[in-house]
Amino acid sequence: MKALRGAWLGILVTLLSMLKVKGQSSILFNSSLYGPCTTASPCMSRQGAIIVGGFFSVHDSNNKSTCGDVRPGGGLQRLEAARWALENLPLVPTLALNTQTTIGYDLRDTCSTETILRDHALEFINTGSSCIHRGKPVSIVLGASSSGLTSALTNILTLFDLPHISYAASSDILSMSGDTTLFYRTVPTDQYQVSSVIALMEHFNWSYVSLVYSNDDYGQAANQDFIQRQRGAGNSSFRFCLAASIAVGVHAEDSTYHDALAELTRNEDTVWHRNATIVILFMSAKSSQRFLEVVQGSGVLQSRPMTFIVSDTLSGDVYSLRNLGDKALGILSVEPYFADDDHVKMFLDDFEARTFSAFPNTIGNWYTDYFKALFPNCTNFNSPPCRNHRVRDSKLYTPDSKVASTIRAAEVALTAIHETLRQTCVAPGFCSAARDSRPTGNVVDSTLLSKILPALNITNNKTRVAYDKSTRSFLDVAHPYRYVVKNVKRANSSVMQQSGRTVDFVEVGTWSREMGLRMTQPVRLGNGEALQKSICAEQCLDGYYRRLLTTDGDCCWSCVKCAPHHFARDNTVVSCVRCPSSMAANSRQTGCVDLVQEYIGYSNAVGGFTVALTVIGLVATLVVSAVFIKNMTTPLVVASSRELSTCLLIGILFSYLLVFPFFLPPSPAACGIRRVGLGFTLSLSLSALLVKTNRISRIFNRRSGAGRPKYISPASQLVFTGCFVLVEVILLCVWLILQPPTPFLKVETANSKLLLVCKFSSSFGLSISLAYNIILLLLCTYYGVKTRKIPENFNEAKYINFSTYTICAVSFAFIPAFATVREDIKPTMLILPHILNMTCMLAFLFVPKAYIIVFHPEKNVRSTARRKSKDYGRKYQMRHTSRKRQSNNSTGSPADSDVAQPLPRSAQTDILDECGNKDMLDSGVVFFLQTNLTPMPPSPFKNTNELEVCR
């Protein structure tokens, strides 16, 4: 089967070669597209028994298929490193001694172009190498110089089972190629490079960044990795967002870079997008260089500062920054770390000390172009002073970061060949058991190499290299996934200044999978400024949560204050949490604290005012009561209906005393007193006032000739008052039975208080109780209006009206206030209007009488009442005569108004009823009516001039 397969492969290669020779339409095999490479030898070679192939990007590409200028930043250094390793590594003489086998090489320039790479790859698998002598195809290949080129190379070499080891391909996509491919590499995969970049972002809190990547395996894999990481993949807790993710073609035109920059700076008026000041570049060195030059030429950095993080393709490449000047300052880069190696040091010492004449003449064009790039002012390197220029003398030269991985790739290839021959062949030399079934030539069997390579364990004087199957990489065991962080700063060493270099990549830190990021130097811009922030939004303050503004990440938000009684655990949450009912948010709203149990006291201003008013009113009530008790038998007190006045004073006194239970700690007893006391004292006062106004109205507003009013005795008035109060007592008892008075804890959200309150402030029973008292109040007002025109000397109508009007105004004004105030003020707003109403009663009904009794005792005598009664008698007589005249006129009877007539019995009764026994019509009237009008004696009046009722 193996021989049959080899035959088929030979036929396939022969057909492909015929197509190439005949120059058919396929551009894949057209050698005329080499460009400048065709003017010199297209390869660097050395004869040997076993040939090692290699692909290097000595030149850049002009387009997708032709070569451009030499790139001194990497390609030629890597090619020279491979050549040096294949000639000078200790394994070379070991192979010659132990296996009697010499190593040759065939190193090609791909010009960073996939087309040229494929063309060279087909020559490697042909019947022989076109660069040396036919019949000796390569056994193993080093390359290629990028992930995109290596992916294309893998697709070709896999068909022919030709193993290859890349010194620069780091794309994660290549790790998924499977076991059927013979692809290997000596660099870590980009997932760790992405991790190092994210660690750098986390260190500086750059949570909002932009990404520009090449549209090939290298850039696409990195872009996918960044997208997955921002969505929470990976072990890092750091969250970031991509403001923009822009793909650029591998061989893009300048217009493409301008379009990418326009996309990067779009929506300049949007704060979110403008805040993304960090731009990550995952492209080839040439693409990164060209993009940075476009950014500098556009002038956008004047209005919008940006800091660039470049990947390992540009890291350390000062030559690519030559056109940027000071604009390159501040650029950050990451590149794989390689431990100090004697082989690397030996090569660099040799390479950097070379002059132009030290390089081989056979490929002079490559080195001529290389030196022209390093020393642009030189034209002839065969004459002084250019002849004496060493590589290290150029200000554009920096050691390439992939030199170490290139030497390691050559070492792995040589070790694999050595181990295959040593383990397969019994006698020294290239035995048939180790030979592949190719038409001709000494080609090591790929099957044997594929078994040997994963098992290699290479140890030299400082490092030990082993194979990692998951990434298909040969890595340093001590530092398998370690990267160096560099910052472009001004050159400050004497060597750099002597060479004329103004900027350089300076190591500022390292990252490893095990240790994380460790910064050893500060990262600064060239002008001394600190690096910019790159965040979409500032952190929220304590007590605020994030309201996300975008749907593709959690980087852009606005800060919203938590609602009362809610808290934010930290300044990264997207919602607030409500505290338990027994707790409240602390002052910063970052957590909950236990509420201190409180009750309504005298601390607030309204409570203090209520208590002060209560004390004043209580003292005034006691003084007035003492005055009335001391002068109980005087005409003024007797005429004020002592029984009802006593009920009023009792109601007012208990109302003032009721204030104190409202400010005591709530308990079942205190809550019960509040319920019963409020309704009872208010109904007692209003009932007494209602009975008084009703009695006055019935006496003075009855029709002429009507009989004596019923139920106007003191006992009747007390019975009526008791009945009205009894209704309120029944309502209160039902309320107490249905809803027992119990205190409960109420959370006051606005003030974060845990209040101990009585459970009645908003109950239905309170509404019913107050509604009944409002009915009593409205009836008092009604009768007060009806008696408003009765002369002041016979009744208290004016003062009663003042009281009822004021009580109505105060009560109805406090209803909306009670419904809208905080819970801790509601009890105060319930008792305060009650105290104000009682104060009005005291002021209007009792204070004037107490003032006369104390300060004008001369008015508290019977003669004053008698004189006022005479005046009212005259008025009544005139009113009665006027009615009689109107009656006579209507019937045609003769008028005898000039003749004094005696008052009729009914009129006498009216006057007696209205005059009263002592003074201003109250209990004296009742007493007089009871003792003098039953039965009615003959009229004591001879005429109106002799009216003296109150003797």
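Biologist: Is Cys 780 buried or exposed?
Modeller: The model is predicted, so local features need pLDDT of at least 70, side-chain atom pairs count only at pLDDT 80 or more, and totals for chains, interfaces and linings use all residues. Residues are numbered from 1 along each chain as its sequence is written, and side-chain values use heavy atoms, leaving out hydrogens and water. Buried means under 20% relative accessible area, exposed over 50%, and partly exposed in between (1.4 Å probe, protein chains only). Cys 780 has 0% relative accessibility, so the class is buried.

Biologist: How many disulfides does the structure hold?
Modeller: A disulfide is counted when two cysteine sulfur atoms lie within 2.5 Å. The structure's total is seven.

Biologist: What is the handedness of the link between Cys 425 and Cys 431?
Modeller: The sulfur atoms of Cys 425 and Cys 431 are 1.8 Å apart, and the two form a disulfide. Cys 425 is buried at 9% relative accessibility. Cys 431 is buried too, at 19%. The angle about the S-S bond is -80 degrees, and the link of Cys 425 and Cys 431 is left-handed.

Biologist: How many residues apart in sequence are the parts that Cys 536 and Cys 556 tie together?
Modeller: Cys 536 is joined to Cys 556 by a disulfide, S to S 1.9 Å. With 110 degrees about the S-S bond, this link is right-handed. Cys 536 lies in the loop between S19 and strand S20 (544-548), Cys 556 in the loop between S20 and strand S21 (557-561), so the separation of the parts is 20 residues. Strands (E, at least two residues) and helices (H or I, at least four) are DSSP runs, numbered from the N terminus.

Biologist: Which element holds Cys 559, the partner of Cys 540?
Modeller: Cys 540 and Cys 559 form a disulfide, S to S 2.1 Å. The torsion about its S-S bond is about -90 degrees, so it is left-handed. The pair ties together parts 19 residues apart in sequence, because Cys 540 sits in the loop between S19 and S20 and Cys 559 in strand S21.

Biologist: Is the ring pair of Tyr 218 and Phe 282 stacked, edge-to-face or tilted?
Modeller: Rings of Phe, Tyr and Trp (its six-membered ring) pair if their centres lie within 6.5 Å; planes under 30 degrees apart count as stacked, over 60 as edge-to-face and the rest as tilted. By this rule there are 24 aromatic pairs. For Tyr 218 and Phe 282 the centres are 5.4 Å apart and the planes stand at 40 degrees, so the pair is tilted.

Biologist: Which strand does Phe 282 belong to?
Modeller: Tyr 218 and Phe 282 are both buried. Their pair links distant parts of the chain, 64 residues apart: Tyr 218 is in helix H7 (residues 217-230), and Phe 282, within residues 278-282, is in strand S11.

Biologist: What is the angle between the ring planes of Phe 226 and Phe 282?
Modeller: Phe 226 is buried at 0% relative accessibility. Phe 282 is buried with a relative accessible area of 1%. The pair of Phe 226 and Phe 282 is edge-to-face, 6.1 Å centre to centre, and the angle between the planes is 75 degrees.

Biologist: Which residue in S19 is the bridge partner of Ser 512?
Modeller: Two strands pair if DSSP finds at least two bridges between them. Strand S18 (residues 503-512) and strand S19 (residues 516-519) pair in the antiparallel sense over four bridges. S18 and S19 form a hairpin with three residues between them. The partner of Ser 512 is Gly 516.

Biologist: Which ring does Arg 482 lie over?
Modeller: A charge sits over a ring if NZ of Lys or CZ of Arg is within 6 Å of the ring centre and within 35 degrees of the ring normal. Arg 322 lies over the face of Tyr 319, 3.9 Å from the ring centre. At 4.2 Å from the ring centre, Arg 482 lies over the face of Tyr 337.
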